[in-house]
Amino acid sequence: MKNIVVLISGSGSNLQAILEACQSSITNAQVRAVFSNKAEAYGLERARQFDVATHFVDPKPFANRADFDQVLMEKIDTYQPDIIALAGYMRILSGEFVRHYLGKMINIHPSLLPKYPGLHTHQRAIDAGDSEHGASVHFVTEELDGGPVILQAKVPVFTDDDAATLAARVQTQEHNIYPLVVKWLADERLVMKNGAAYLDGLLLGASGYAADE
């Protein structure tokens, strides 16, 4: 049984999707712990409802990001994680932290990467007049939102959308694709090597699996 550790900062809806998948489609892995940098993050309550260990690690006492990440790594490693899933974790990770979990750590980002790394992705897509938007699951590297894409889901952008309605449409798809990628990792079908993502031994394209030709 593989060990999953999830990092959150907020409500944890993608965490919920992963927890539910571990009771159905993901048969060989379990979420062992959930860590948050926010004590009030509702995702911690979601985890407790599934009898999963929760940890709030307060960044305020630490002088810098590297010191905080070092303590966080030490706490995470007590669970011997095979998979680290970032699910709305709103801190930039230190290079040492990323290297420590390289190839094990994935993130879901609310845009069709490489479009719109960083924040406010939904409004940026609307402002640009995009006809489609979506979400991307990618391996985490030291480049912010720049690791190899594994899987994307696309949604239409309608003329009367605002950031909230578009975000809700994207989030529905996030809850489908993130557990699927976790399952691929748990089943050892998915690996990162030489800075690229491979599924079943095949190199994935720039947009991940099932990219448009």
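How many aromatic pairs does the count come to in this structure? The count comes to four aromatic pairs. The model shown here is predicted, and the legends below visit a few of its details one at a time.

**View 1. F35 and Y79 meet as an aromatic pair.** A pair of aromatic rings is described by the distance of the centres and the angle of the planes. Here the ring centres of F35 and Y79 lie 6.2 Å apart and the planes stand at 80 degrees; planes over 60 degrees apart count as edge-to-face, so this pair is edge-to-face. The pair links distant parts of the chain: F35 belongs to strand β2 (residues 29-36), while Y79 sits in the loop between α3 (65-77) and β4 (83-86), 44 residues apart. Are these two residues buried or exposed? Both F35 and Y79 are buried.

**View 2. F97 and Y101 form another edge-to-face pair.** Their centres are 5.1 Å apart, with 65 degrees between the planes. F97 has 0% relative accessibility and therefore counts as buried. Y101, at 2% relative accessibility, counts as buried too.

**View 3. Two charged side chains sit over aromatic rings.** Look for R91 and F68: the charged end of R91 sits over the F68 ring, 4.3 Å from the ring centre. Then find K193, whose charged end sits over the ring of Y198 at 4.6 Å from its centre.

**View 4. Strands β8, β9 and β10 make an open sheet.** The three strands come in the order β8-β9-β10, and their pairing is antiparallel. β8 (190-193) and β10 (202-203) stand at the edges with a single partner strand each, so one side of each has no neighbour in the sheet. Strand β9 (residues 196-199) is joined to β10 by two bridges. Which residue stands opposite L203 of β10? That residue is Y198, whose ring also has the charged end of K193 over it.

**View 5. The largest pocket has a volume of about 930 Å³.** Rolling a probe the size of a water molecule over the atoms shows where empty space is left. The lining of the largest pocket is made of 37 residues, and G88, Y89, M90, I108 and P110 are the ones nearest its centre. Two or more lining residues come from each of α1 (13-21), β5 (105-109), α5 (121-127) and α6 (163-186). Which element gives the most to this lining? α6 does, with five residues. By type, the lining residues of the largest pocket divide into 15 nonpolar, 17 polar and five charged.

How values were computed:
Residues are numbered from 1 along each chain as its sequence is written. This is a predicted model: local features need pLDDT of at least 70, side-chain atom pairs count only at pLDDT 80 or more; totals for chains, interfaces and linings use all residues. Side-chain values use heavy atoms; hydrogens and water are left out. Rings of Phe, Tyr and Trp (its six-membered ring) pair if their centres lie within 6.5 Å; planes under 30 degrees apart count as stacked, over 60 as edge-to-face and the rest as tilted. Helices (H or I, at least four residues) and strands (E, at least two) are DSSP runs, numbered from the N terminus. Buried means under 20% relative accessible area, exposed over 50%, partly exposed in between (1.4 Å probe, protein chains only). A charge sits over a ring if NZ of Lys or CZ of Arg is within 6 Å of the ring centre and within 35 degrees of the ring normal. On a 1 Å grid over the protein atoms alone, a cavity is a set of points where a 1.4 Å probe fits but cannot get out, and a pocket is an open set with protein on both sides within 12 Å along at least five of seven lines; lining residues have an atom within 4 Å of a point. Grid points are joined across faces, edges and corners, and a volume is the space filled by probe spheres set on the points. Ala, Val, Leu, Ile, Met, Phe, Trp, Tyr, Cys and Pro count as nonpolar, Asp, Glu, Lys and Arg as charged, and the others, Gly among them, as polar. Two strands pair if DSSP finds at least two bridges between them.
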